[in-house]
Each structure stands twice: as C-alpha cells, then as structure tokens.
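Subject: Handover of a structure and notes on its contents

Dear colleague,

Please find below the structure that I am handing over to you. My notes on it follow directly after the display.

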Amino acid sequence: MRFPLRVIGLFIATLAILPCAFAKPEAKPYTYTGQVSLDIAKVPFSRYGSYLVFSEITEGNLARLGGTGLVPGVYLRNVLGDQHPVFRVELLDGDTPVAFHLEANPSILRLQAAKGKVEICIAQSNQVSFRGQGVSMRLIGQEGTLAVPEQAYHWEINSERAIEKYMLWATRGHLQMNAPWTGTSNTHVTVTFSPDSESGRVSGEIDTYPSVWIPHQASENFDESVKRVEGEYLRWLKRMPTVPQAYGPGAELAAYVNWTSVVGPDGFLDRPAMLMSKNWMDRVWSWDHCFNAMAMSFNDPELAWQQYMLPFDNQQPEGALPDMISSSSKEINFTKPPIHGWALAWMMRHGGYGDQIHLAEIYAPLSRWTNWFFEYRDSNRDGLPEYNHGNDSGWDNSTALLSGVPIETADLDSFLILQMDTLADIAGKLGREAEKKEWQSRSNELLKNMLATLWKGDHFIAIRASDGVQVESLSLFNYLPIILGNRLPSDVRNKLVQGLTEPGRFITPHGFASEALKSKYYTPDGYWRGPIWAPTTMLLVEGLDSIGEVSLAKKVREEFCQMAQERGMYENFDAITGEGLRDPAYTWASSVYLIFAHQLLDGQN
C-alpha cells in the first residue's frame with residue numbers, strides 16, 4: 001500500500017510533536033524577594049563588606065560572643081581582628097533604660113520601645129547611620145574604651161583592646177558624653193544620643209576607621225541609605241543559584257547569611273572574603289571556603305574565584321595552606337584536608353574557569369599544595385601521606401584519630417588522588433603533556449597503594465604511621481573515599497554504600513551522622529562524633545551521584561534542605577532530632593543548602 005507524501009509528512013510531524021505534548025512541565029524556580037526576618041541572637045545584622053555587626057548577646061551565646069563578664073543585651077560588635085564587643089545599646093525614657101523588642105531585615109534594625117524607637121542602618125561598610133523618635137539611645141563602651149573630644153560635638157572612641165577607632169556625632173538632637181578621665185584612661189565611657197525638644201527626634205552616625213577620620217557631610221538621609229542598601233541586596237539576590245519553590249524560604253536565609261558574612265580586603269585577607277560566620281567563627285578555614293566558592297560559581301564567578309584563592313594567597317613557601325586566616329592572623333601550625341582539586345574540578349564543570357588565565361594562576365600553587373603532603377607528611381616514606389592532628393583532617397576530634405598520630409587515612413588519599421586528576425587535566429589544557437602523564441601516573445599509584453593497604457574487604461581502616469598498627473573506627477570519616485566514584489572497584493563501591501545505608505548505623509531521617517549511632521563514642525553534640533555536617537554531606541552525595549546512586553543522593557539532599565530550612569544555617573546538626581548546633585549562621589551550611597536546592601531544581605527539570 002502506498003501513502004501520499006503529504007500523509008507521510010503529517011505523520012512525521014505528529015511524531016515530532018508528541019514528546020513535547022507529553023513532556024513534564026518545567027518546574028518554575030523560586031523568585032527571591034529579600035524579605036527575611038532576622039533573629040540577631042542567631043544571625044548577625046551586618047552587610048556585605050563590613051566588619052561591623054549588631055548582635056543580641058544572650059545567656060545562651062554569651063561565652064562565645066563576648067565572655068562571661070558581659071551583660072546580656074544588644075551590642076555593636078566588630079570582627080576585625082579578634083571579634084569583640086564595642087558598645088552595648090540601650091534605649092532610654094529620660095534617664096531610665098526601657099525594654100524594647102527587635103525587628104531586623106537585611107537593610108534595617110529596629111529597636112521598638114513603648115514610647116518610641118530607634119532604627120539602625122549600616123549605610124556603608126564603615127558607617128552606621130541611625131535615627132530615633134520618642135526615646136534616647138545610649139551606647140556603653142566596653143572595658144578599655146577611651147574617649148577623646150574632637151571638633152564640635154564629635155567624639156573619637158579608641159580602645160586599649162581593639163585595633164580600630166570610631167567617630168560619633170549627632171546630626172539631630174544632642175550627644176552627651178560621660179567619660180571620667182583618670183590621667184591615663186577613662187573609668188567608663190557612656191554616650192547618650194537624645195532627641196531635640198521640639199521634634200522629639202534624634203539621628204546620628206558612627207564611623208569606624210583604622211587611624212585618621214576624614215571629616216565629611218552626610219551625603220544622603222536615612223531613608224535614602226536604607227533604599228540603597230536594599231538595592232545592593234536585591235542585586236546580590238540576582239547572583240544566587242536558582243532553587244525550587246519549596247526551598248525558597250531557606251534560600252532567602254542562606255542568601256542573607258552569605259551576603260552578610262563577606263568582609264572587605266584587610267591584612268591577610270587580600271580579597272573580599274566570605275567568613276564562616278560573623279558570630280564567633282569569624283575566620284576563613286582552608287577547606288570551608290571551598291563550599292562558598294562552589295555556591296557562588298553558578299552566577300558570580302569572580303567572587304567565587306576570590307573565595308577559592310584566599311588560602312593560596314597565604315600559602316607557605318613549602319606548599320602548605322594555613323589552617324585558617326583572618327584580617328589579623330594566619331595560623332600555620334595546622335592545615336586542612338586537600339579537597340581543593342575536587343572543588344576546582346566541580347567548579348570547572350559548573351561555573352567555567354577552564355580558560356588559560358585561571359588555570360595558569362592555580363596550577364603552580366595547587367601543585368605545591370599536593371606535593372607538600374608527599375614531601376612533608378609521609379614520615380615512614382611508604383607513599384601514603386598522613387595527618388598529624390585531627391585539625392589537619394578537618395574532623396578535629398574524630399574517633400579515627402583516637403589511637404595516635406601521625407595516621408594514614410583513606411580520605412586523605414582520596415582527596416589527593418582527585419587533586420592529582422585535576423592537576424593532570426589542567427596540565428593538559430596548558431599544553432604540559434609530560435606533567436599531565438606524571439600526575440596521572442602518581443594518581444593511579446596512590447589509588448593502588450591505598451586499596452592494597454587500607455581496604456579490608458568491606459571497609460577502610462587507618463594505619464598509625466609510627467608502628468603500622470591498624471586502626472578501626474566507627475567514624476563516617478572512613479566512608480569519604482566514595483568521593484572517588486567509579487575510580488573505585490565495584491565491590492568497594494557496593495560495600496561503602498552498604499555501610500552508609502545500614503539501618504541504625506549512619507543514616508538518619510536528616511542525613512549521615514558523623515559517628516555511627518551504635519558507637520560508644522556517639523554524642524549528639526559531639527562535634528565530629530555524632531552531628532550531621534554540611535561539607536561531609538556534600539562530599540558523600542557527590543560520590544553517590546558519581547556511582548549511579550542518584551535516588552539516594554537526591555533523598556539526602558532533600559533531607560538536608562528540609563532540616564536547614566526548618567532549623568537554620570547551623571555549623572552542624574543533631575543527627576537524630578535535626579536541631580541546629582553550634583554557630584547558627586555558618587556559611588558552609590548556607591552554601592551547601594543553596595547548592596543542593598539548585599541541584600534539586602535541575603533534577604526536577
């Protein structure tokens with residue numbers, strides 16, 4: 001039977017349409033609004049680029065944020081150098097302190113009392129603007145505060161315990177200083193900004209600077225400052241990863257935590273730096289930063305690269321990266337695990353960086369970092385590098401290191417295998433074929449050595465380098481080699497998945513516990529002996545994805561996002577209850593949340 005050509009053409013056209021007609025509609029991403037309410041006892045009120053922070057210090061966070069000598073209350077703090085309180089903030093009715101409640105969003109902090117209010121905006125990274133009505137605002141300087149009168153109605157605040165200065169003045173109303181001088185210091189420093197008698201309004205400014213204050217006039221009013229900060233924040237949100245509707249509320253908080261945690265270049269921070277937190281974990285640790293770089297790599301490749309390179313700016317001549325850096329310090333007595341090759345390969349897949357400029361910038365530093373482990377962290381010269389302390393592993397108190405150090409572990413080998421794979425890839429792109437082959441050969445040799453030495457049929461062990469003693473542990477630490485994916489033999493992959501998913505061992509309704517639930521060392525708030533951590537969760541699910549365990553990886557991502565959206569962006573989480581633990585505004589949690597939520601949206605589409 002023969003069909004007319006027009007019938008055949010119609011049939012073919014219909015087949016072409018059918019897949020579209022029955023395709024699942026694309027999931028619509030969440031639209032960021034910038035509407036997020038902040039509890040400043042947990043999430044600091046600050047802004048991008050600033051070291052200035054407003055926090056509520058409570059009995060619960062007192063010891064970590066300021067020491068036991070402080071009175072609970074709202075404080076202006078500074079995270080330049082070692083984080084420290086600067087002023088405690090009170091509202092007054094006449095001369096009497098009055099109660100107030102707090103409201104905060106990314107652009108404004110409001111202290112609302114029965115008879116009036118004070119509103120605060122961090123207008124610039126070094127400038128706080130405020131206005132009030134019906135009440136006065138009193139600033140109580142902390143121990144060591146010094147006050148010096150400057151030009152009319154201006155007072156400079158210095159300190160015996162900080163490295164920055166402040167200029168205070170009222171732009172409306174009155175400033176009254178109470179700072180008795182002893183001949184060498186002030187007994188106390190108390191500053192009161194009070195409204196003028198006609199309008200009942202007060203306004204003023206607090207500037208911070210390192211040495212000399214440059215006189216200036218206010219260039220905008222308070223409302224204009226708030227509107228400008230709002231605009232800056234909305235532009236930040238446009239650079240956030242797209243996420244599903246269901247995870248929008250958590251993404252709003254995560255985006256703010258990342259934005260507010262960025263400080264400007266200063267001291268050892270050569271670039272804009274996303275601190276781990278502006279609470280008490282106000283540093284950049286040399287593996288935490290990778291997750292922040294990865295989260296920013298989707299839509300802000302420049303800031304992402306700056307985050308990635310921060311520790312390399314402070315690399316030791318021998319190749320080691322510092323344990324952590326801040327504006328005023330660089331700790332080199334410890335280091336951190338070499339996840340940087342893995343992270344860079346991930347960023348190259350998701351955010352670019354395959355150009356000659358980026359590759360040439362990182363190739364030599366990443367090579368030195370890799371070689372450092374083989375040259376300076378292999379005490380028995382058996383080709384398996386070692387950790388000298390839990391801090392070096394990132395798992396500060398892991399039970400895998402209970403028997404002593406130095407210790408050979410499979411997670412360290414796995415990171416170095418992937419790092420050498422990345423270096424081989426970069427060398428090839430840079431036209432260094434001989435070096436490419438050398439990195440490939442070294443990577444293969446380390447994998448072979450690791451499997452022969454540390455794999456015991458159904459699990460990895462560690463080895464104490466000093467005497468060769470095999471170390472058994474119920475730490476999740478020993479399952480991180482799953483990040484190697486299909487570079488592992490199939491039986492190794494299967495056993496690792498079996499161990500991860502065995503009921504009652506690591507897996508909970510919220511994710512993977514860092515210590516087996518049945519371990520005698522398991523502790524709900526035991527740091528690396530129990531809680532769920534964002535970075536290890538990401539390492540594991542990326543490994544699961546790479547071996548085809550996509551459903552399990554998706555489930556873990558969903559559980560983490562649900563937990564963090566409900567509890568907050570905590571440093572870690574109770575594995576059983578999902579409650580947030582330790583620092584409640586920690587950027588590796590917010591960054592991993594944004595990455596996971598974005599990946600879940602991609603999965604929907």
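Helices α7 and α10 are oblique to each other. Please bear in mind that this is a predicted model. The two helices, α7 with residues 340-351 and α10 with residues 410-429, pack at an angle of about 50°, and their axes are 7 Å apart. The crossing of α7 over α10 is left-handed. On the α7 side, the residues involved are H340, G341, W342, L344, A345 and M348; they meet L418, Q419, T422, D425, I426 and K429 of α10.

Helix α4 (residues 248-260) packs with helix α15 (residues 587-604) at an angle of about 135°, with 9 Å between the axes. From α4, the contact involves G250, A251, A254, A255, V257 and N258, while α15 contributes T587, S590, S591, Y593 and L594.

I turn next to the strands. Strands of a sheet pair through backbone hydrogen bonds, either parallel or antiparallel. Strand β23, residues 462-464, pairs with β24 through two bridges in the antiparallel sense, and A462 has V471 of β24 as its bridge partner.

Another open sheet consists of three strands, ordered β18-β19-β20 and paired antiparallel. Here β18 (284-285) and β20 (330-331) are the edge strands, each pairing on one side only. Strand β18 is joined to β19 (residues 324-325) by two bridges, and the two strands run antiparallel. Within this pair, W285 stands opposite M324 of β19.

Strands β13 and β14, the latter covering residues 190-194, form an antiparallel pair with five bridges. Opposite N178 stands T190 of β14. In a regular strand the side chains alternate between the two faces of the sheet. Strand β13 (residues 174-178) has L175 and M177 on its covered face, and H174, Q176 and N178 on the uncovered one.

As regards the cysteines, the count of disulfides is zero. A disulfide is a covalent bond between the sulfur atoms of two cysteines. For C561, the closest cysteine sulfur is that of C290, at 20 Å, which is too far for a bond. C561 is buried, at a relative accessible area of 0%. C121 is buried as well, its relative accessible area being 0%.

Finally, which residues does G511 contact, leaving aside its neighbours within four places in sequence? They are F506, I532 and E559. G511 belongs to strand β26, residues 511-512, and is counted as buried because its relative accessibility is 0%, under the 20% cut-off. Between the C-alpha atoms of G511 and S326, which are 185 residues apart along the chain, the separation is 31 Å.

Yours sincerely

Key:
Residues are numbered from 1 along each chain as its sequence is written. This is a predicted model: local features need pLDDT of at least 70, side-chain atom pairs count only at pLDDT 80 or more; totals for chains, interfaces and linings use all residues. Side-chain values use heavy atoms; hydrogens and water are left out. Buried means under 20% relative accessible area, exposed over 50%, partly exposed in between (1.4 Å probe, protein chains only). Helices (H or I, at least four residues) and strands (E, at least two) are DSSP runs, numbered from the N terminus. Two strands pair if DSSP finds at least two bridges between them. A disulfide is a pair of cysteine sulfur atoms within 2.5 Å. Axes are lines fitted to C-alpha atoms, for helices over the stretch in contact, and angles run from 0 to 180 degrees between N-to-C directions. Angles under 35 degrees count as roughly parallel, over 145 as roughly antiparallel, 65 to 115 as roughly perpendicular and the rest as oblique. A crossing is left-handed if the near helix is turned anticlockwise from the far one by less than a right angle, and right-handed if clockwise. Contact means heavy atoms within 4.5 Å.
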